[in-house]
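Please open the model in a viewer and keep the sequence panel beside it.

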Amino acid sequence: MPGIVIVGAQWGDEGKGKVVDLIAEKADVVIRFQGGNNAGHTIIREGDEFKFHLIPSGILYPGKTCAIGNGVVIDPGVLISELDGLRRRRIDTSGLKISANAHLIMPYHVMLDTAGEAKLGKLEIGTTKRGIGPCYADKAARLGIRVQDMLDPKILRKKIMAALEPKRQLLRPFERDPALDLHAITEEYQRFGHRLEPHIADTAKICWDALDSDRLVLFEGAQATLLDLDHGTYPFVTSSNPVAGSACVGAGVGPTDIDEVWGVAKAYATRVGAGPFPSELFDDVGKMLRDRGHEFGTTTGRERRCGYLDLVALRYASRLNRLSALVITKLDVLSGLNPIRVAVRYRSNEGAVLTEFPYHQTVLHGSSPEYEDLPGFSEDISECRTDDDLPQAARDYIRFIEDFVGVPVNLVGVGPGREQMVRRGAQSGSLPAS
Ligand code: IMP
């Protein structure tokens with residue numbers, strides 16, 4: 001059985017959680033490989049709503065191994081409250097495994113994230129203020145605190161002491177006396193360590209063992225390709241690499257362990273936070289997409305910016321991840337919209353036609369999209385389950401995406417429920433029976 005990576009192919013919030021939840025049923029291991037509690041997944045299971053920020057979506061299957069890989073940054077307080085929430089609802093959490101090498105988000109990371117945004121003023125990135133960037137910065141600077149450190153009080157104290165002084169200096173312009181008490185933080189993280197100890201494990205080995213015995217490992221991406229630290233719209237990006245290649249580093253497997261890469265994209269586009277978004281709409285269509293698509297952030301509750309599907313950006317994402325399949329979500333939201341517009345190229349400030357996503361930020365900032373108009377549909381498609389159930393215009397829309405991007409669409413989301421998916425093509429063979 002293969003290693004399958006699921007990634008976001010736009011700016012996040014594409015509905016990856018639902019896709020992971022679907023495939024997780026067949027998987028032996030589900031592992032997250034980057035990001036932290038800046039992510040947010042909502043899963044609806046038999047009418048019950050579950051929101052996750054850190055725990056892999058597969059946790060709803062009793063006893064399934066759900067791992068938080070070394071590439072994730074973990075806020076242990078948030079993780080413990082998610083665990084408590086699941087236990088209160090009598091969900092078995094014994095399958096949760098946490099990499100001993102994952103880095104911890106510390107109180108000063110959250111403070112620095114907020115202070116950093118305040119300092120940028122109008123130029124702010126619009127981060128989730130969960131401390132993600134400062135935590136990854138400490139990891140790279142080798143000042144990070146890792147999960148395993150919580151189990152050794154002496155080491156923990158030493159490392160926090162080393163990390164703390166530069167933070168005090170950085171925070172001083174914002175708070176005269178930042179509440180950073182070495183003793184209190186050490187004690188708190190030691191307590192977190194005791195609570196999480198039964199879950200701490202060698203998560204890379206868990207993946208190797210599963211892959212070696214031909215079992216399915218699902219690598220669950222968070223955020224999305226255009227928010228990638230290297231390939232996204234820098235600096236308006238997150239501080240990790242949400243592209244598929246990063247599953248190897250963030251989980252501890254090799255490139256040849258990956259057999260399939262599924263990219264998830266909405267039938268339109270959204271973005272939260274600042275940064276370029278060529279096909280953004282400021283009109284009634286944008287408002288309609290926001291209202292009908294309930295486009296408000298799971299993590300911060302912020303309104304999402306909405307726009308038409310951008311195929312130039314999607315093809316770029318497809319190539320960066322070498323997608324083997326696409327999942328198009330929320331097609332039902334487009335019902336009643338006629339025509340449906342899709343961006344097929346950009347026009348630069350100087351009038352040049354751009355068929356590729358521009359690598360130069362100045363060019364991207366000055367680019368406007370050019371659209372192709374496709375016929376809309378007005379039917380309620382929420383009960384459709386096969387390609388043949390879909391109205392012709394909806395089928396043609398999906399086919400247009402496939403042809404443009406050059407990647408088959410194996411699933412189409414037609415509603416928020418787990419079962420509200422149209423299964424298409426041979427690729428959906430990796431899925432459990434509906
Ligand atoms: P950070 O990841 O909190 O540092 O935020 C950096 C950028 O990524 C901001 O524009 C956020 O809005 C965006 N971002 C982070 N996580 C998500 C997500 O899960 N969905 C969508 N956008 C995200």
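**Conventions**

This is a predicted model, in which local features need pLDDT of at least 70 and side-chain atom pairs count only at pLDDT 80 or more, whereas totals for chains, interfaces and linings use all residues. Residues are numbered from 1 along each chain as its sequence is written, and side-chain values use heavy atoms, with hydrogens and water left out.

**The whole chain**

Select the protein chain in cartoon view: it contains 12 helices and 20 strands. Helices (H or I, at least four residues) and strands (E, at least two) are DSSP runs, numbered from the N terminus. The radius of gyration is 22 Å, close to the 22 Å that the globule rule gives for 434 residues, so the chain is as compact as a globular protein of that length. That radius is taken over C-alpha atoms, and the globule rule is 2.2 Å times the number of residues to the power 0.38. Along its principal axes, the C-alpha trace spans about 65 × 50 × 40 Å.

Next, colour by accessibility. Of the 434 residues, 58% count as buried; buried means under 20% relative accessible area, exposed over 50%, and partly exposed in between (1.4 Å probe, protein chains only). For contacts with a separation of 6 or more, 75% come from residues 24 or more positions apart, where contact means heavy atoms within 4.5 Å.

Select residues 16–24, which form helix 1. Nine of the nine residues are buried, so this helix is largely enclosed by the rest of the structure. Among them are Lys16, Lys18 and Asp21, together with Val19, Val20, Leu22 and Ile23.

Move to helix 9, residues 284–292, where Val285, Gly286, Met288, Leu289 and Arg290 are buried. The buried residues of helix 9 pack against strand 13 (305–307). Which residue caps the N-terminal end of helix 9? Asp283 does, with a side-chain oxygen 3.1 Å from the backbone nitrogen of Val285. After helix 9 comes His294, whose phi is positive, near 50 degrees.

Select Thr270 in strand 12 (residues 269–271). Thr270 is buried, with a relative accessible area of 1%. Its side chain makes a polar contact with the side chain of Lys266 at 2.9 Å. A polar contact is a pair of N or O atoms within 3.5 Å; within protein, one must be able to donate a hydrogen and the other to accept it, and residues adjacent in sequence count only if both atoms are side-chain atoms. Not counting residues up to four places away in sequence, Thr270 touches Trp11, Gly12, Phe277, Glu295, Arg304, Arg305 and Cys306.

Continue to Glu370 in strand 18 (residues 368–374). Is Glu370 buried or exposed? At 19% relative accessibility, Glu370 counts as buried. Display the side chains of Glu370 and Arg347 to find their polar contact of 2.7 Å. Leaving out residues up to four places away in sequence, Glu370 touches Val342, Ala343, Val344, Arg345, Tyr346 and Arg347.

Turn to Ile98 in strand 7 (residues 96–99), which is buried at 1% relative accessibility. Beyond residues up to four places away in sequence, Ile98 touches several residues, including Ile68, Ile74, Leu79, Val147, Leu196 and Ile200.

Then select Thr186 in helix 6 (residues 182–196), which is buried, with a relative accessible area of 6%. Setting aside neighbours within four places in sequence, Thr186 is in contact with Pro153, Leu156, Arg157 and Ile160. The C-alpha atoms of Thr186 and Lys159 are separated by 9.6 Å, although these residues are 27 apart along the chain.

**Backbone stops in the loops**

Most residues other than glycine have a negative phi, and most peptide bonds are trans. Select Tyr234 and Pro235, which are joined by a cis peptide bond with omega of about 5 degrees; Pro235 is in the loop between strand 10 (217–220) and helix 8 (246–251). Another cis peptide bond joins Asn338 and Pro339, with omega of about 0 degrees. Pro339 is in the loop between strand 15 (325–329) and strand 16 (340–347).

Finish with Asp214, in the loop between helix 7 (203–212) and strand 10. Its phi is positive, near 65 degrees, and Asp214 is exposed, with a relative accessible area of 51%.
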